[in-house]
Amino acid sequence: MSGLSRYNVEVVDSMRYALGEGPYYDPRFKRLSWVDIIGQKVWFIKDGKKECIDAPQPVGAAIPLADSEGFALALKDGIYTYENGKLSLMADLKDIYKDYWRSNDAKADAKGRIWFGASVIDGAEHEAEGNLYLFDNGKIGIKVEGTKIANGMAWSFDKKKFFFSDSFEHAVFVFDYDEESGSINKRRELFHVDENISDGLTIDSADNLWVA
């Protein structure tokens, strides 16, 4: 842990959440956002003021939109945009997800495609299962089949590697990545965590992965 000694850790918000995830700092608006999946809320702090957006369903992730202060929201039955107080459906998941699935983590790549994972609804009496999907030009495709809990995603600085965390596989995987097509291949385990769970992750400018 000596390499972390130069970092200062501080509490941003001390409120208790049912399932708080997906923090994202947007430098355009100096806004920190995150979701409470089970609490069905998107929280954000901007200009020192904390606010929330109520979602009608469990919300797995909130991705800042490119052209506004709104978000793309990964909900239980679809991918929605939220702008100016209005929720609009982008991708219908009713015929793709099983009834006992919900969206978990989601991120947009540099081309604006949305990568999102499915997970069994918390408390459902089913084995962990799901898939990792890609929403691209109105179409949804499976990128990784048979996941347990699809979680953190990141891309290397040169856009040639894709990293993916599957919590109940207790591992982070790396794939070769083609940015133009969005294809991934040659999956291999980057590292395994025997007595822990690999959850969300991010990557810094030096290609260091930071895994929760």
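1. Let's start with the open sheet: its four strands run in the order β1-β2-β3-β4 and pair in the antiparallel sense. Strands here are DSSP runs (E, at least two residues), numbered from the N terminus, and two strands pair if DSSP finds at least two bridges between them. At the edges stand β1 (20-26) and β4 (49-54), each with a single partner strand, so one side of each has no neighbour in the sheet. From one strand to the next, the twist averages 20°, with axes fitted as lines to C-alpha atoms and angles running from 0 to 180 degrees between N-to-C directions.

2. A word on the basis of all this: the model is predicted, so local features need pLDDT of at least 70 and side-chain atom pairs count only at pLDDT 80 or more, while totals for chains, interfaces and linings use all residues. Residues are numbered from 1 along each chain as its sequence is written, and side-chain values use heavy atoms, leaving out hydrogens and water.

3. Inside that sheet, β2 (residues 31-36) and β3 (residues 41-46) are joined by six antiparallel bridges. One of the pairings sets D36 against K41 in β3.

4. Two loops deserve a look for their backbone angles. Q40, in the loop between β2 and β3, has a positive phi near 60° although it is not glycine. D47, in the loop between β3 and β4, is also a non-glycine residue with positive phi, near 55°. D47 counts as exposed because its relative accessibility is 68%; Q40, at 25%, counts as partly exposed. The classes are buried under 20% relative accessible area, exposed over 50% and partly exposed in between (1.4 Å probe, protein chains only).

5. β13 pairs with β14 (residues 161-166) in the antiparallel sense over four bridges, and A154 has F163 as its bridge partner in β14. The two strands form a hairpin with five residues between them, where K159 in the turn has a positive phi of about 60°.
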